[in-house]
Amino acid sequence: MTTMAERPRTAGSDFAELGRRINQAGLLRRRPGYYALRLSLVAGALILGWSAFFLIGASWWTLAVAGFLAVAFAQTALVAHDLAHRQVFRTNKPSSRAGLIAGNLAIGMSYGYWMDKHTKHHANPNHDDLDPDVGPGVLVWSREAARGKGFLTRYQAYLFFPLLTLLGLSLKRDSLRWINEKKNPLEAALIAVHLVGYAAALITVLSPLQALAFLVVHQAIFGVYLGMTFAPNHKGMPHPDGTEDFLRKQVLTSRNVRGGRLVDAALGGLNYQIEHHLFPAMPTPNLRKAQPIVQQYCAEIGVPYEMTSLTDSYRQALAHLHDVGADLRR
């Protein structure tokens, strides 16, 4: 397991000064025009995808539609992520309403479950005991947690992408468990509408074999896309020991991914992970403008700032997974 090296501590005003610079640049202001366009495009993609599904009907060409809808589902999940962080609306009620529509109704994932899990992650990124994203699961992120594990952990770096094909189904399962635990009737009803409607569409329009193929292709591509969006952000980065201040805890556990507008759109702005963790409510299009400000400030105060290419971010994450299973391969 990687741990944070000893670094000279600076005054607690480090983040306050960075916040002053970000506010002075106006980067925490809402971007209603951007989100009106983005939400319209994502909603349009969902409508277009399902319209094509019904128009094409019982044909193997619907597998191409499955791929398109997988991308649309992932982009909807990224919109739900922004809603959960209050990037779109200033207050809780419209954010929650839109989040329930995007999450529960549109893609069958619990908005409440995601908020609960993701809030814990933001509070303690990469913390072995407090971050659910690195807690014990199918994939193991520390050598300590790998002890006593078997074949899957031993070769998890090779199995990473195949396992991502199941991520969408895994999140749906966890959503249902969370809803059952919290006894939330509204979330349960919206998820039920999605699942019944999804199943009914496949059963009534496609042959049994086509329906099965559509389900596999759609959920597999959705899972891989979603996993590849989040994998570059923290995997293989240092794990905090609890003594870091807010700025260092967020910066040192995160990495940014270089890229142009296409990468920004594909990853929903999460390629600016450092800026997002420092300012979670910052609208996505402002993260690109905040990046040089944050990088320069980190250089001024001597805080390492990690930024790499998209392919290298995956290489680092896979290398870390492989290293975690090293003891099991001896």
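Just past the end of helix 9, Lys183 adopts a positive phi of about 55°. Keep in mind that this is a predicted model.

Let's start with the helix itself. Helix 9 runs over residues 167-182, and at 1.5 Å a residue its 16 residues should span 22 Å; the end C-alpha atoms do sit 22 Å apart, so the two agree.

Which residues of helix 9 are buried? They are Gly168, Leu171, Lys172, Asp174, Ser175, Trp178 and Ile179. Because they cover an arc of only 165° around the axis, they end up on the same side of helix 9.

| Residue | Loop between | Relative accessible area |
|---|---|---|
| His127 | helix 5 and helix 6 (143-146) | 16% |
| Trp60 | helix 2 (32-56) and helix 3 (62-84) | 46% |

His127 counts as buried because its 16% is under the 20% cut-off. Setting aside neighbours within four places in sequence, His127 is in contact with Val134 and Pro240.

Trp60, on the other hand, is partly exposed. Together with Leu209, Leu212, Leu215 and Val216, Trp60 forms a nonpolar patch on the surface, with about 490 Å² of accessible area between them.

Technical notes. Residues are numbered from 1 along each chain as its sequence is written. This is a predicted model: local features need pLDDT of at least 70, side-chain atom pairs count only at pLDDT 80 or more; totals for chains, interfaces and linings use all residues. Side-chain values use heavy atoms; hydrogens and water are left out. Helices (H or I, at least four residues) and strands (E, at least two) are DSSP runs, numbered from the N terminus. The expected span of a helix is 1.5 Å times one less than its number of residues. Buried means under 20% relative accessible area, exposed over 50%, partly exposed in between (1.4 Å probe, protein chains only). The arc is that of the directions from the helix axis to the C-beta atoms. Contact means heavy atoms within 4.5 Å. Patches are made of residues with over 30% relative accessible area and no salt bridge: like charges are joined within 9 Å, nonpolar side chains (Val, Leu, Ile, Met, Phe, Trp, Tyr) within 5 Å. Accessible areas come from the Shrake-Rupley method with a 1.4 Å probe; for residues, only the protein chains shown count as cover. A salt bridge is a side-chain nitrogen of Lys or Arg within 4 Å of a carboxyl oxygen of Asp or Glu.
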